[in-house]
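The sequence and the model are shown first.

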Amino acid sequence: MSGPHLRDGDPRSGTPEGGAPAPEEIPAALPGQPDDGDRTTERDPIGAGRLTAVVERLRGEVRAAHAAAEGRALIELAKGVIVERLGCGPAQAARQLGELAEQAGLSQLELAADIINQAARDRVAEVAGDFLRATADEPGTAGSDASVGVRLRTAESAALSADDTQSVAESLLAHALEPLGAVAVAIWTTGADGSLSLRGHAGFGSDEAARWHYVPPGVTTAARQALTARRVVWYPSLAAAGVPSIGRSRHPDGGRVVVPAGTGGRIHGVLEVCWTRPLEPQPRAVERQIEALAELCAHTLEALPAQGGPTPSLAPGGEGPLELAELADGLHDPALVLTPHLDDAGDLADFRIRHANALFQDPAGRPRSAVEGALLLEAYPATAGGSELFDRIERVYATGEPFRSRRTRLTALVDQVPLSSLADISISRHGDSVFLIWRIEDESARLANLLQHAQRLGRVGAFEEDVLTGEITWNGQLFDLFGREKTAPPVSLRDLAAHAHQDDAGAIRRFLHSVLHQRRAGSAAFRLMRRDGVTRHIRVIAEPALGADGRIQAVRGAYQDISAQHWTEVALTATRDRLVATEEEAAERNRLTLQLQHAIMPPAKPPLDAPGLDVAVRYRPAESDSMVGGDWYDAVVLPSKKVLLCVGDVAGHGVEAATGMVVLRNALRGLAVTGAGPGQLLAWLNSVAHHLTAHLTATAVCGVYDPESRTLRWARAGHLPPVLVRGGEAADLPLLRGVLLGALAEAEYEEAELRLEPDDTVLLYTDGLVERRDTSVPESVAQLLATARLPADSLERRLDLLLSRSKSDTDDDTCLVGVKVT
């Protein structure tokens, strides 16, 4: 919204001189009409209209009376100034005020405010002057300059005369904040625990005020954010800021300004002002008006009775609060009692040391009498340095919220400990004083605490046994290890065997001989048999303490519960044994699989006695024994003098794949004797794979070559097609239809027939010849065809060339069958 307009004159005065306005006249009834205000009618049987008019008239008279009283208070104060300046009487001062107002063209109330501002030269006068300078050149503000002083002085007079904070809130809203466009105001007071209490409000409903009468410590509200930041906080829209506060549901889009109300560095409360519309940036003059109202509110809160009990009484001689001094002297830690020290302008400049207890030691060696009464920053300038101690003290005094910190570096007030020492600090406000306590962390106690934690985590218990007197000292952890009550007597080293497993008596005896007789450190591990039936694995380590005469005086050592370590070692040993057995079993399994594969599939096959056909085979097993696969090949002359050619690949590795390969290879040999074509053979072989084996799948290429007609009939079951090499060119055969073996219960396989010419070569292979991790299968097949085009002296040399150029990196078996027509 645009900047608020300040209305001319006192909004409640009614007359320029501040007198009471004439009562509002009630118009008489027109002739011929009923007078509803004077008598009842059928529509108004009880005279409600008349009662309403009376109530409104009485309210107007009360408002006018209040305004007249407040205006008269300012006029009487101005008369007093004139009496003091001119040395005249009250009557002459009244005449003088009237004449001056008439000459200046102002009302007596406005002139009275100007006279008071010039005489006081206080914050209200400064604010009125700021507004006067800010609006002197702005159009439409004529006549409003004096109204600023009137409003602020009227609000000041009403607030100082009020006997409670509720009246102060109503006065601030009516006299000074409504002309700025504000609709509601709330005054909060701070508690010693950091809480907020609603002490006065205006413009908010009673139900809303009842819900917000108390805000616990730590709850983030608009007032708390201003209190924590110790500065004015402007919210253009409280809902947009996402901060809860009183009246937010009623004015969700309204702006807010929240101002800490404090004097002399201490915040007594918070002033919160509410608008109905979003709040745009305000001129500095308006900001200073609101700050002046907050300062006026702070003086009022300071004068009102404090919450939470009476303020501690002062000790004689101005030495500080008596209760705090007595409390500090009863502590076992250093403590200081501080009171605020204000400068000439009334602002907090420092804290004075009112009392230091006997445990306080000055770093410079000065006596306590020289420290008490001195200013904190002058006596200890380092408090304002990196430790930020002074800032924390100032914050506690301002807000009342105590400060607690553990393990904080404190070097400003101590000198008898290393700079790296840590301290627990407590700062709290009591009345007008600040109580500062700190406790230096004892290095030896801290190390002992760390050692205790280490012993607990490591399940270690220490002991010491006096050899001469027999006195035994155990720490608390050791009683827990042995399962004994703290009141039970400790177990002597000589009686240790009676509490251990009988099989460990020898180890304990050797341990005692080493420590007590050979006088050297020793250790032993044994099983402790506790009274509660629990068996623990314990390691004991001890060393003798010798006297000046070389005799043993005491034995010091420790027991450690190593049960978890023992059982871990047992589990690891068992795991290692199982791993060794598993590795041996796997090696034997792979060896048998490889032997089986080599027995059935030798790397090279003797020449096949087939007229007009040269047949050669190559088999390259996987490099890893654990990756023995199910690749197979076969080339055999059938009783019909035809030649059966096939390659296949069983899914998987190991014994299962090798045995599956044997099943399919032998089954195909037996089925081929029937004279069926390759498509029918693969259909039968699919039934074998699906019904007679468990979860066996495989790919295969099957061909039947007729030497008389030089024709090759072939079919495929999910396998790569053969390659034909003819006249220096190489190409793969068509991709016939046919699913892999074992996938379906019944399947049909497409056949093709190829008539071969002399010197033609047909290559059948498994995927181990072309598979690459970084290359697609089509690219690998293209590389295979390029290698197959290379000239070769014989079929054997061609197959060797193909294997040597094949850089398979999948660690899979490879089968290669070559057929050349002669």
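## Aromatic cluster

In this predicted model, Phe463, Trp474, Phe479, Phe482 and Tyr559 are joined into a cluster by ring pairs. The count of aromatic pairs in the model comes to 8.

## The pair Phe360 and Trp438

The ring centres of Phe360 and Trp438 are 5.9 Å apart and their planes stand at 85 degrees; the pair is therefore edge-to-face, since an angle over 60 degrees falls in that class. Phe360 belongs to the loop between strand E8 (348-356) and helix H12 (368-371), whereas Trp438 belongs to strand E11 (residues 433-440), so the contact ties together parts that are 78 residues apart in sequence. Both Phe360 and Trp438 are buried.

## The pair Phe482 and Tyr559

Two members of the cluster, Phe482 and Tyr559, also form an edge-to-face pair, with 5.1 Å from centre to centre and 85 degrees between the planes. Phe482 is located in helix H16 (residues 476-482) and Tyr559 in strand E16 (residues 552-561); the pair thus links distant parts of the chain, 77 residues apart.

## A charge over a ring

Arg366 is positioned over the face of Tyr380, at 5.4 Å from the ring centre.

Definitions and conventions:
Residues numbered from 1 in each chain as written. Predicted model: local features only at pLDDT ≥ 70, side-chain atom pairs only at ≥ 80, totals over all residues. Heavy atoms only, no water. Phe/Tyr/Trp six-rings, centres within 6.5 Å; stacked < 30°, edge-to-face > 60°. Helix = DSSP H or I, 4+ residues; strand = E, 2+ residues; numbered from the N terminus. Buried < 20%, exposed > 50% of the residue type's maximum accessible area, 1.4 Å probe, protein only. Lys NZ or Arg CZ within 6 Å of the ring centre and 35° of its normal.
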